[in-house]
Amino acid sequence: MNSFFSRFFVVALAIGLIAGCGRRVADSGAGRPVVGLVVKTLNNPFFIDMERGAEEAARSRGIVLLVQAAEREVDVERQMQIAENLIQRKVSVLIIAPSGSREIVPVILKANRAGIPVIIVDTRVDAAELESAGGRIATFIGSDNYEGGRLAGQFLVERMGSRARLAVLEGIPGHETSDARLRGFREALAPYPEMMVVASQPANWERDQGYNVCQNILQAHPDVNALFAASDLMALGATEAIAAAGLTRKITVVGFDAIDEARQAVRRGAMAGTVAQNPVRMGAVGVEWATRILGGETPPPTVAVPIELVK
Amino acid sequence: MDHSVQTVLSMKGIVKRYPGVVALEGVDLDVRRGEVHVLLGENGAGKSTLVKILAGAVRRDAGTLEIEGRAYELSTPREAQTAGVSVIYQEFNLVPGLTVAENIFLGREPRGFLPGFIDQALLVSEAERILHGLGVVIDPRSVVRSLGVAEQQMVEVAKALSVDARIVVMDEPTSALTEREIGRLFMVIRRLRERGVAIIYISHRLDELFQIGDRVTVLRDGRLIGTRVIAESTRAGLIRMMVGRDLTEQFPPRGATVGEEVLRVEGLTRRGVLDGISFVLHRGEVLGLTGLMGAGRTELARALFGADPIDAGRVWVRGSEVVIRSPQHAIRLGLGFLTEDRKRQGLVLGCSVTENICLASLDRFSRGGVMQAGNERAEASRLASELRVKTPSLGERVLNLSGGNQQKVVLGKWLCRSAEILLFDEPTRGIDVGAKAEVYQLIRRLSAAGKAILIISSELPEILGLSDRILVMSRGRLSGMFGAAEATPEAILRCALGADAA
Amino acid sequence: MNLRRAIISYARPFGTLAVLVALGGIISVLTPYFLTVPNLLNVAQQTVINAVIAVGMTLVIISAGIDLSVGSILAFAGVVLAQALHAGWPLPLAILAGVGVGTACGLVNGLLITMGRLPPFIATLGMMSVARGAALLATGGRPVSGFGESFRWLANGRLATVPAAVVLMLLVYAAAYFVLRRTKFGRYVYAVGGNEEAALLSGVPVGICKIAIYGSCGGLAGLAAVVLTSRLNSAQPIAGLSYELDAIAAAVIGGASLMGGEGSVLGTLVGALIMGVLRNGLNLLGVSSFVQQVFIGVVIIAAVLLDMLFKQRKR
């Protein structure tokens with residue numbers, strides 16, 4: 001029987017903790033609209049920026065924002081659970097940055113059934129899949145990844161004098177964001193046959209994989225002199241591998257996302273450039289449209305957030 | 001005060017209660033400098049609880065404890081150690097991968113030139129000094145894993161001395177030793193006694209107690225029965241104190257008639273372990289197998305049982321030749337193996353009495369793989385009462401049973417299976433006098449019922465008292481065979497040592 | 001006579017159950033959204049995948065082993081199932097293929113552990129990588145998605161009001177309970193984990209038992225893959241990362257001992273539900289995902305600490 005007492009002691013401890021964390025949100029929610037924002041993960045600076053932008057917008061508009069994310073960026077099942085839980089929480093609008101462009105569709109259907117409008121940010125939903133399943137989203141807010149990829153490609157063409165041996169680090173295969181960026185990038189290179197992509201491999205959006213994959217590519221292709229990574233985390237991993245090989249500045253690195261660290265790397269010269277999405281703005285626009293939807297407005301199917309190259 | 005010099009340990013009114021059980025009820029114990037004080041009692045009498053309290057492993061509920069006139073709480077093993085108490089358990093507390101010297105000074109290594117380093121030379125020479133003082137020859141640089149049981153025990157003793165223990169507790173120190181090793185251990189004990197160390201000696205073997213003990217304290221059911229000077233006691237008197245009744249027939253008379261041959265072994269060989277062993281075993285026969293530790297007795301049983309592979313040899317069971325490849329196969333052929341180490345090899349300690357008794361016969365209690373709990377319980381309850389297993393319930397985990405009762409559960413397992421050929425490896429090891437007598441009677445009853453029994457034992461009285469014939473092994477070979485009438489301890493010992501002398 | 005035994009064997013799951021009920025109580029005081037039928041069904045549904053994997057893990061842990069490969073096997077079984085569906089296999093056959101692939105991987109684990117005498121940790125660590133690699137190879141790293149309505153019903157459909165997946169989970173648990181408590185095999189599992197040497201010398205077919213145990217564990221990971229694939233309408237080769245740890249956690253919270261010989265599927269179910277309720281509740285309350293990880297960790301450690309305390313007191 002002792003164990004029962006000790007168990008309840010632990011539970012009491014849990015009450016304290018949960019109450020401490022939960023009270024604030026639960027209390028302040030009274031009467032005001034609640035918007036849920038589910039990002040991919042909160043250990044990626046991009047989404048931390050997005051969260052910040054969303055929170056500032058929420059504060060100024062007097063709505064309650066719940067931000068949740070899975071521990072891992074690739075954990076589509078966990079993201080689904082979180083979204084389901086927020087639907088149970090009866091949020092007024094759900095803003096999602098999908099971890100998987102197809103896997104998110106069942107969640108959208110659930111939200112539709114519960115009558116909760118869904119705003120998709122950052123990563124597009126697979127349109128065919130969504131249509132065949134009969135789901136609908138209020139709007140997509142994002143950078144034009146294709147355009148960003150093109151910007152990066154054009155930049156490298158100019159920088160390398162239309163002649164280079166290129167390595168490419170891809171995101172998770174089959175991932176809409178990665179695909180769009182790479183499509184844009186390849187499109188920009190297409191007219192220049194001397195711009196040779198000698199290696200193109202996935203590093204799954206992760207920094208350490210960026211390091212390892214880049215290291216491997218350098219082993220196989222020592223003549224590589226330019227590198228495009230579909231995200232800054234991978235690009236930063238790559239710059240470290242390049243530095244370890246003593247090739248800093250000898251290889252022109254272009255990343256994507258313009259997170260703070262990447263901007264610094266550009267200033268230092270470790271990277272030549274990075275395509276700036278504006279995650280802060282993206283978060284803010286998401287919340288803005290959420291309130292406008294609650295006010296009865298209908299958003300356009302796509303809201304573009306400006307994109308630019310930082311060099 | 002003369003008294004405080006004389007008495008090194010004084011425990012008074014020690015009480016320890018567990019939920020539902022009183023382990024110790026006001027026990028007193030006083031131990032003097034330079035004496036061997038024997039703690040005697042059946043299993044469950046409270047000896048081990050008393051020792052655990054002394055070792056700081058268990059806290060007493062009431063009572064006082066003084067060591068050299070100073071009161072101690074002894075709430076942790078560390079405190080017991082600094083108070084000068086050292087306990088050598090049956091299962092040694094040695095790290096097998098470290099050397100003798102490293103084990104002796106484990107946790108107290110002499111500091112080397114740099115902090116964090118160990119002065120190896122000093123470590124070895126100190127260990128050597130202590131071992132030499134004990135009169136034993138062990139290289140302090142050898143790895144403990146490579147030592148025999150007796151040598152490991154000496155390392156434990158040396159470890160106790162290295163912490164300057166004034167009270168050394170030895171729990172069944174001879175249970176795994178051969179006669180010769182026991183002799184050596186006794187020499188060491190006498191040396192310790194001369195140095196003024198008090199020794200608390202726990203053993204079930206009454207012979208030993210008369211050889212080595214000065215005084216004896218008898219416990220029964222958690223109560224103090226009395227403390228006696230051994231020179232003034234008799235065997236029968238001590239047994240009466242322990243069990244509270246007279247144990248006349250320790251070895252019941254043979255009554256069985258030996259029947260037809262059920263097991264024949266020819267030229268059984270396992271390279272480096274068993275060398276050309278041949279013998280036969282009959283229905284209703286008790287065949288004793290003895291020899292020194294390491295002579296290959298257990299190995300023979302394991303090989304017969306299919307637990308270890310053999311290199312050569314033929315085996316017949318009930319007249320037909322068989323090749324036993326696995327214990328499963330052996331069991332199907334009607335063999336049962338009561339292992340030497342019941343906790344490690346005989347029982348699933350976390351499972352219940354019923355589950356253990358029925359473990360080898362689940363086919364009997366299941367239909368299409370589904371257990372028939374009713375039949376199982378009925379059979380387990382029948383066997384448990386037949387074997388007089390003392391347990392709060394059949395659902396009790398065997399973990400909580402005393403050694404003797406655990407052994408009965410293992411026996412029950414093979415009776416449940418109706419095994420016809422029983423291999424008993426040290427069946428009375430670590431169980432108390434009362435339970436021993438019960439096991440002896442059981443063995444008689446089984447042989448009378450026509451079971452063929454092979455008993456492996458290091459205790460000569462046991463072998464002599466039970467067996468119809470006696471096999472002696474030495475260095476993996478059979479070095480002698482005796483009929484019950486012609487066997488004498490001397491002749492057997494000569495055979496056991498035979499190959500050694502040659 | 002058997003009352004005491006019964007109390008001892010059920011006290012643990014009930015103790016864990018008390019934690020679950022208390023946890024639910026607290027959360028429902030803090031938020032009105034928790035204690036609603038749809039949300040409770042939602043939690044049950046979210047628990048299915050971990051719970052199904054954890055059944056197999058419980059078997060393995062009771063047998064004193066560990067299986068690190070379940071997450072990877074889940075991914076591999078999922079993509080095989082998905083490709084079979086895309087290739088136009090009939091639904092039952094495709095499901096059988098997925099579960100079969102999982103079982104096969106598990107059997108290989110079992111063979112490596114028994115015949116190859118590898119420690120379970122090493123054998124399944126290897127399988128973890130092999131199965132993951134196989135899943136990536138089979139798909140070129142891309143998710144395989146888009147299946148028919150009938151397949152999606154498995155995870156999303158309902159029988160009366162109860163989600164079909166939850167019914168499946170309950171069936172799996174009922175079966176596992178029966179197997180562990182009422183069959184010879186179940187008894188063997190406890191004996192092998194409690195004392196392998198003694199079991200062997202008592203004629204228990206230890207090798208076959210272990211192969212069956214790891215085979216079932218792999219098969220259940222395959223079954224979980226069916227649910228996951230149906231739920232997401234997609235099979236990802238990188239699915240199931242670190243699911244083995246969730247499953248181990250559920251089993252351990254439920255009272256299974258990594259030393260072997262102890263554990264119960266009821267405990268594991270409650271353990272899995274505790275994890276599910278905790279995550280759901282913290283989501284409802286808007287607590288950060290970082291804090292959630294701390295919570296799960298605290299619950300695991302507390303459960304095991306308490307278990308040890310409980311056992312010590314009893315002695």
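Which residue in E9(B) is the bridge partner of Leu40(B)? In E9(B), that partner is Val218(B). Welcome to a predicted model, in which local features need pLDDT of at least 70 and side-chain atom pairs count only at pLDDT 80 or more, while totals for chains, interfaces and linings use all residues. Residues are numbered from 1 along each chain as its sequence is written, with chains lettered from A and ligands numbered from 1 in the order in which they are written.

**Strands of chain B**

- Strand E3 (residues 36–40) of chain B pairs with strand E9 (residues 215–220) of chain B in the parallel sense, over four bridges. Strands here are DSSP runs of E with at least two residues, helices are runs of H or I with at least four, and both are numbered from the N terminus. Two strands pair if DSSP finds at least two bridges between them.
- E9(B) also pairs with strand E10 (residues 223–229) of chain B, in the antiparallel sense and over six bridges.
- Within E10(B), Arg223(B) stands opposite Arg220(B).
- The hairpin of E9(B) and E10(B) has two residues between the strands, and Asp221(B) takes a positive phi near 50° there.

**Domains of chain B**

- Chain B is assigned domain 1 (2–243), domain 2 (251–334 + 420–502) and domain 3 (345–418). Such bounds come from an automatic or database domain assignment.
- Between domain 1 of chain B and domain 2 of chain B, the C-alpha centres lie 34 Å apart.
- Their contact takes 12 residues from domain 1 of chain B and 11 residues from domain 2 of chain B; two residues are in contact if their C-beta atoms, placed from the backbone, lie within 7 Å.
- On the domain 1 side of that contact in chain B, helix H9 (residues 235–243) of chain B gives the largest share, three residues.
- That side of domain 1 of chain B divides into five nonpolar, four polar and three charged residues. Here Ala, Val, Leu, Ile, Met, Phe, Trp, Tyr, Cys and Pro count as nonpolar, Asp, Glu, Lys and Arg as charged, and the others, Gly among them, as polar.

**Domains of chain A**

- For chain A, the assignment gives domain 1 (31–143 + 279–305) and domain 2 (145–276).
- The C-alpha centres of these two domains of chain A are 29 Å apart.
- Contact joins 10 residues of domain 1 of chain A to 11 residues of domain 2 of chain A. The domain 1 side of chain A has three nonpolar, four polar and three charged residues.

**Helix H5 of chain C**

- Helix H5 (residues 120–139) of chain C has 20 residues, which should span 28 Å at 1.5 Å a residue; its end C-alpha atoms are 28 Å apart, which agrees. The expected span is 1.5 Å times one less than the number of residues.
- Buried residues of H5(C) include Pro120(C), Ala123(C), Met127(C), Ala131(C) and Ala135(C). A residue is buried if 20 or more other C-beta atoms, placed from the backbone, lie within 10 Å of its own, exposed if 12 or fewer, and partly exposed in between.
- Seen down the axis of H5(C), the buried residues fall within an arc of 160°, so they line one face of the helix; the arc is that of the directions from the helix axis to the C-beta atoms.
- Those buried residues of H5(C) pack against helix H3 (70–86), helix H4 (91–114) and strand E1 (144–145) of chain C.
- Exposed Ser129(C) and Leu137(C) are carried on the face of H5(C) turned away from its buried side.
- Gly140(C) follows H5(C) and has a positive phi, near 65°.

**Positive phi in two loops**

- Arg388(B) is not a glycine, yet has a positive phi of about 55°. Arg388(B) is in the loop between helix H14 (373–386) and helix H15 (403–416) of chain B, and counts as exposed because it has 12 C-beta neighbours inside 10 Å.
- Ser242(C), also not a glycine, has a positive phi of about 65°. The loop that holds Ser242(C) runs between strand E4 (234–235) and helix H11 (243–253) of chain C. With 11 C-beta neighbours inside 10 Å, Ser242(C) counts as exposed.

**Contacts between chains**

- 27 residues of chain B and 24 residues of chain C make up their contact. By class, the chain B side has 14 nonpolar, 10 polar and three charged residues.
- Chain C has 46 residues in contact with 45 residues of chain A. The chain C side divides into 24 nonpolar, 18 polar and four charged residues.
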